[in-house]
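Me: I have a folded model open and I'd like to learn how to read it. Can you take me through it one feature at a time?

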Amino acid sequence: MDKLLTFSDVELYYDNVHALKGVSLDMDEGETVALIGANGAGKSSVLRAITGLKRIRSGEIVYQGERIDAREPDEIVRMGIAMVPEGRRVFPYMSVKDNLLMGAFTRIDRTGITATLDMVLDRFPRLKERYSQAAGTMSGGEQQMLVIGRALMARPRLLLLDEPSLGLAPKLVQAIARSIVAINRDAKVSVLLVEQNSRMALRISQRAYALSTGRIALSGRSSEILNDERVRHLYLGGEL
Amino acid sequence: MAQVIANGVYLGAQYALIALGLTLIFALMNVLNFAHGQMYVLGGFITYTAYGQLGLPFIVALLASGVTLGVIGALIEKLLFRTVIRRSVREESTMLLAAAVAYFLDAVILLLFGEKQRGVPKIVNGVFVSDALIMPYDRLLIGALAVLFIGAFMLFMQFSKPGRAMRALAQDRVAAQLMGVRVDRYSMIGFALGAMLAGVVGGLLVAITGVNSGIGGPISIKAFLMVMIGGAGVVGGAIAGGFILGMIESVGLSVLHAYGDITYLVIFAALMVFLSIRPNGLMGKPWG
């Protein structure tokens with residue numbers, strides 16, 4: 001069976017900084033895959049390479065059987081890949097409504113957009129309450145819900161999430177984690193989750209890759225990694 | 001008093017329309033378009049030619065100004081600014097390019113239309129007279145048209161899909177790209193729209209004050225004044241800046257008139273003090 005997404009031997013540089021050193025990974029349709037590792041390990045570079053924001057130097061990225069590593073960001077969105085960027089990045093002076101509509105920017109099916117909008121508002125009732133408010137005036141947790149909702153507006157097949165728990169209180173992290181599980185399960189969206197909060201990421205994913213200074217250091221089933229003594233020590237610190 | 005306010009509103013509406021174009025280009029591309037005044041002058045001459053010389057209806061002439069400038073703006077963005085922005089790592093490069101475009105347009109305008117002050121026949125005759133107010137009908141009409149265009153522009157930015165895309169691009173470039181907004185396409189649309197606004201105001205004002213090839217520079221300076229007062233890159237700021245400058249000018253001309261031609265001296269002095277207190281203008285966000 002064809003993989004949903006495959007990285008083969010991907011190299012990526014920022015000027016002279018070698019950010020990805022021959023990264024290979026893959027994911028199946030319907031999976032939630034976690035990408036964990038320390039700050040600067042290259043997790044976000046993987047996502048930037050998929051979305052077309054950053055060109056890779058060599059290697060291949062294949063999505064649904066097609067090479068996508070030379071495509072523009074708008075083509076990637078049209079192919080069904082939506083991204084929730086790190087640090088949330090709402091459009092701060094736009095209303096919640098306009099932020100969500102921006103998520104559907106590449107779509108032209110008016111009735112379909114309305115249906116997705118209703119679905120997103122059902123999933124995050126908080127956004128309905130704030131519908132006309134400027135996004136920049138909302139709390140961090142609300143903004144995180146908004147950017148996830150905004151990404152869902154594109155009706156993606158693959159959802160990329162970059163550090164969705166960053167800067168949120170533990171209770172909100174729980175809520176966001178539950179939403180991600182629900183989106184994966186109910187909406188049949190495959191999820192690639194980049195997290196520094198490894199514990200949360202491993203709990204809600206089926207498989208995981210651990211990056212260390214631009215290389216895949218470890219991969220496997222999330223539940224096994226979560227219980228591995230050695231990994232606990234390396235990636236999960238003292239928090240367990 | 002009512003007279004001063006009416007003059008201020010009339011002037012302010014034109015100014016706001018000029019400032020909107022300038023601030024749109026700045027917000028989308030971080031480009032300070034020094035050629036904005038020259039685009040205004042070109043728009044004026046096109047309306048002069050179409051309405052004054054060829055005898056076409058004023059609205060058609062206005063449309064011709066807008067469309068021509070829109071096309072010129074799109075070409076300037078695509079052929080000049082896009083290449084420079086892609087290749088240059090220094091932001092000053094686009095400023096130098098904008099200044100070059102300004103001088104180039106100045107030369108073209110001088111070559112095509114000469115150095116004479118040009119006016120057109122009145123678009124409507126008669127004067128509105130009441131106890132407090134004397135206002136020629138053509139000024140009322142031009143003022144109303146300017147307000148109409150401001151309204152149309154704001155509705156377009158607020159409710160249309162391209163308008164929303166341009167606001168998104170101005171607020172967070174990367175996030176907008178991730179939504180599928182193509183930066184180069186919308187930079188071109190924005191630049192064309194900004195140039196179009198400049199051309200339309202030039203066409204509007206040719207009916208009142210006429211046009212001559214030398215006023216491009218001063219108009220650019222006024223546009224920058226308004227944007228500095230209101231705050232760069234903010235729609236509300238441009239409109240506020242336009243009406244504030246129009247009002248100050250109107251008040252200045254009637255109050256300070258007795259002391260000679262010092263209105264702009266006072267405006268510049270006041271602006272320096274104002275900017276030292278609020279460097280980002282009334283509604284501006286800090287740059288970067």
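Me: What handedness does the crossing of α2(B) and α8(B) have?

Reply: A crossing is left-handed if the near helix is turned anticlockwise from the far one by less than a right angle, and right-handed if clockwise. Here, the crossing of α2(B) and α8(B) is right-handed. Before we go on, this is a predicted model, where local features need pLDDT of at least 70, side-chain atom pairs count only at pLDDT 80 or more, and totals for chains, interfaces and linings use all residues. Residues are numbered from 1 along each chain as its sequence is written, while chains are lettered from A and ligands numbered from 1 in the order in which they are written.

Me: At what angle do the axes of those helices cross?

Reply: Axes are lines fitted to C-alpha atoms, for helices over the stretch in contact, and angles run from 0 to 180 degrees between N-to-C directions. Helix α2 (residues 36-53) and helix α8 (residues 183-206) of chain B have axes that come within 7 Å and cross at roughly 50°. Angles under 35 degrees count as roughly parallel, over 145 as roughly antiparallel, 65 to 115 as roughly perpendicular and the rest as oblique. So α2(B) and α8(B) are oblique to each other. As for the names, helices (H or I, at least four residues) and strands (E, at least two) are DSSP runs, numbered from the N terminus.

Me: Which residues meet there?

Reply: Two residues are in contact if their C-beta atoms, placed from the backbone, lie within 7 Å. On the α2(B) side you'll find, among them, B:Gly43, B:Gly44 and B:Tyr48, and α8(B) brings residues including B:Ala195, B:Gly199 and B:Val206. The residues of this contact of α2(B) with α8(B) split into twelve nonpolar, seven polar and no charged. (Ala, Val, Leu, Ile, Met, Phe, Trp, Tyr, Cys and Pro count as nonpolar, Asp, Glu, Lys and Arg as charged, and the others, Gly among them, as polar.)

Me: Now the sheets. What is the strand order in the open sheet of four strands?

Reply: Strands of a sheet pair through backbone hydrogen bonds, either parallel or antiparallel. Two strands count as paired if DSSP finds at least two bridges between them. In chain A the order is β2-β1-β4-β5, with antiparallel pairing. β2 (17-27) and β5 (66-67) of chain A stand at the edges with a single partner strand each, so one side of each has no neighbour in the sheet. Strand β4 (residues 58-63) of chain A pairs with β5(A) over two bridges, and A:Val62 has A:Arg67 as its bridge partner. Helix α1 (residues 43-51) of chain A packs on this sheet, touching β1 (5-14), β2 and β4, and its direction makes about 75° with that of β2(A).

Me: And what is the order in the open sheet of six strands?

Reply: That one runs β6-β7-β8-β3-β9-β10 in chain A, with mixed pairing. Its edge strands are β6 (81-84) and β10 (215-221) of chain A. For a parallel pair, look at β3 (residues 32-36) and β9 (residues 207-212) of chain A, joined over four bridges. There, A:Leu35 stands opposite A:Tyr209.

Me: How is chain A divided into domains?

Reply: Domain bounds come from an automatic or database domain assignment. Chain A has domain 1 (1-80 + 158-240) and domain 2 (89-155). Their centres, taken over C-alpha atoms, are separated by 23 Å. The contact takes eleven residues from domain 1 of chain A and nine residues from domain 2 of chain A.
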